Structure formats: C-alpha cells, structure tokens
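Thanks, everyone. Let me put the model up, and we'll walk through a few spots.

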Amino acid sequence: MALTLYVDTARWRAHHKHVREQFPGLVPVCKGNGYGFGHERLAEEATRLGADVLAVGTTYEAARIKDWFGGDLLVLTPFRRGEEPVPLPDRVIRSVSSVDGVYGLVGARVVIEVMSSMKRHGVSEQELSLLHAAIENVRLEGFAIHLPLDRTDGSDAVEEVIGWMDRLRAARLPLHTMFVSHLKAEELVRLQQQFPQTRFRARIGTRLWLGDHEATEYRGAILDVTRISKGERFGYRQQKAASDGFLTVVAGGTSHGVGLEAPKALHGVMPRAKGVARAGLATVNRNLSPFVWAGKQRWFAEPPHMQVSILFIPADATEPKVGDELVAHLRHTTTQFDRIVDR
C-alpha cells in the first residue's frame, strides 16, 4: 500500500516535445526533489529530449546526477569563496554572481549571472567594467538573467533583457550566449530576432515537467477503515468524533510531504478571504486534507502522521474500502512518492 505517482507517459513526453519545439536550445532544469519525479528519472527524460545541458540546483545535486546524465551540468546556485569543495567533472559549469566569484574559479567553465529586477543575486551594471580582467582566467560559457514570474508594474520582460544586452555590449563583453529564465516563447523569438548573433537558451523546469497537469496524478492507498460514532475518542490526542463516520487511514504522511505547504502570494480579496477562513478553521483543529473521496476533498481527522494520514469520512458518504485509492492534490516540489507507475 503506497502513495503512488501515476504518469500518463505518452502524454507527459508529448508535452516535453512541445516545449522543446517552442524553445530551441532548451536547458531542462532538474533541482530539489526533481519536481516530484526524482533526479534519476528527469536525467533520463532530458537525455531522451536530446538536451546537451542539464541545469541543477547545487554542486551536491551535480555530484549525484553526473552518473545519470552524460552532457554538461549547469549549477544554478552561484559560487561563493569558502564553500565546501565537491569533486566534479570538467563538464560541470558554475554560475557566478560576483566579480570576486569569477576570480575564485580560475580555469573553470562559468556562466555569469546579472542582477535582474528579482534582486536576488547577480553582477551589477557598475561592476561590468571589472569583468574584463576577471574573465581572462576562466572559460566563459555565457551570461544569464533570472527574471521574476509576475510583473505587477506592467514592465516588459523582453525590454529588461534588452537593457542588459545593451549594457553588456557597451562594456564590450562577449555576447555569444545568454541563458534566460521565465520568458514566454514569443518573447524569446523577439530577442532572437533583435540579437541574431547571440544564442538565447531558456532554462525551464516547472513548465517542462509540470506544464500538463492532466499527465500526472498522485493517489494514496487506503490501509484501514474504522467505523466511529459521534463522541467516540480516537487518535494520538484522543479527540472526540464530531459525528458518525469512518476513520480512514491512507498512505501518505509528513515524510511524503503531506500536510506541508509552501507560502503563497495572494492577490485579490477572495483568495485572501479564503486564506483567513482556512486559518480560522485550523485554530479549532479543522484542516482540509489533499485527499479526495467521493468527489470531495476530505478533512484530516488529526494532523498527518509520518507515513499515513487519518481522514474523517462522514457516514452519509460512500463507505471507503481497504485497497481503494484516493486522488491527492499534492504539490510536486514538496512531495516524495513511494513508487512511480507509468501507464
């Protein structure tokens, strides 16, 4: 009995192909938990796509993935002096976001990140003149810019990239390759037309692996079902049941990421109101689970355990049976499955 990730493999791969056609020179991204699929699986899929570069999050991820992917590996986390050295092959490319970082990677293959409106990290316009001497002792693979997802000020992503291209050109720095993130296909076309001598390479993770929501589905198997009457006590904390129903034990607990939720940016009155309502219910131990039974998302009977969750299914719903599976609305990037099934 397991928490299973089901993959409609043909549909999933058809989506990969569509994204690759939209973004020539695509650099797939495989970081964190491998977007819910695992590093080994995504390395295999990137190879199937014919990718020559695979982007990873950290040097530790690069050390693991190097045996599964034969092309170049681009580490997205910028190099910092004093970081723990990790043995890596020459086909690993390091990102750098400071002039000092470039000087610290003598002889290495590097991509230099410029500071975007994200303001996360990157070389500033004022530092560009200092790069001339710094890049003499490295193998420069190109520059990179990581753009924000939302533009609430109405600004244009393409214009931001053009601005940096102009600054780099004015500083007489090489512009043979520019790695970009969070651009639309039509925006990439605009850039390529304006700068035909530069190769723009889109680094894409979420849109590539998770862009077709219907291609994947999590399901948790029911391990036990126990009838309970109103007022009966149950669980670790011996709470009383609010009504008659079924305590349903389903595969999927905190070790799988069930019950964990990344903070969300809320826009508008309705999403904020829903957030306040959820918070209010949580104060009286009412928490909605990600599991669906008989067409409805069901409540946790109590906080999820390490490997299972206990749900409360009311008596007026269809009685769940051991061995049935419940669809689970889980976030791929925070979920660890027990098994993956291609179908």
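Start with the largest nonpolar core. This is a predicted model, and that core holds 91 residues. Which of them touch the most other members? F37, L131, F143, L168 and F200. As for where the core comes from, helix α6, residues 157-170, gives the largest share, with 7 residues.

Set aside residues up to four places away in sequence, and F200 touches P24, V161, M165, M178, V180, L188, L191, Q192 and F195.

Next, H146. Find it in strand β7, residues 139-146. Buried or exposed? The relative accessible area of H146 is 18%, and the cut-off for buried is under 20%, so H146 counts as buried. What is H146 in contact with, beyond its neighbours within four places in sequence? E113, S116, M118 and R120, then S181 and H182, and also R203.

Last stop, T335. This one sits in a loop, between β17 (325-328) and β18 (339-342). T335 is buried, at a relative accessible area of 3%. Its side chain reaches the backbone oxygen of R331 at 2.6 Å. Leaving out residues up to four places away in sequence, T335 touches L3, N33, G36, Y218, H256 and L330. Now look at G252. T335 and G252 are 83 residues apart along the chain, and their C-alpha atoms are separated by 9.5 Å.

That's my tour. Over to you.

Notes: Residues are numbered from 1 along each chain as its sequence is written. This is a predicted model: local features need pLDDT of at least 70, side-chain atom pairs count only at pLDDT 80 or more; totals for chains, interfaces and linings use all residues. Side-chain values use heavy atoms; hydrogens and water are left out. Helices (H or I, at least four residues) and strands (E, at least two) are DSSP runs, numbered from the N terminus. Buried means under 20% relative accessible area, exposed over 50%, partly exposed in between (1.4 Å probe, protein chains only). Contact means heavy atoms within 4.5 Å. A nonpolar core is a set of buried Ala, Val, Leu, Ile, Met, Phe, Trp, Tyr and Cys residues joined through side-chain atoms within 4.5 Å. A polar contact is a pair of N or O atoms within 3.5 Å; within protein, one must be able to donate a hydrogen and the other to accept it, and residues adjacent in sequence count only if both atoms are side-chain atoms.
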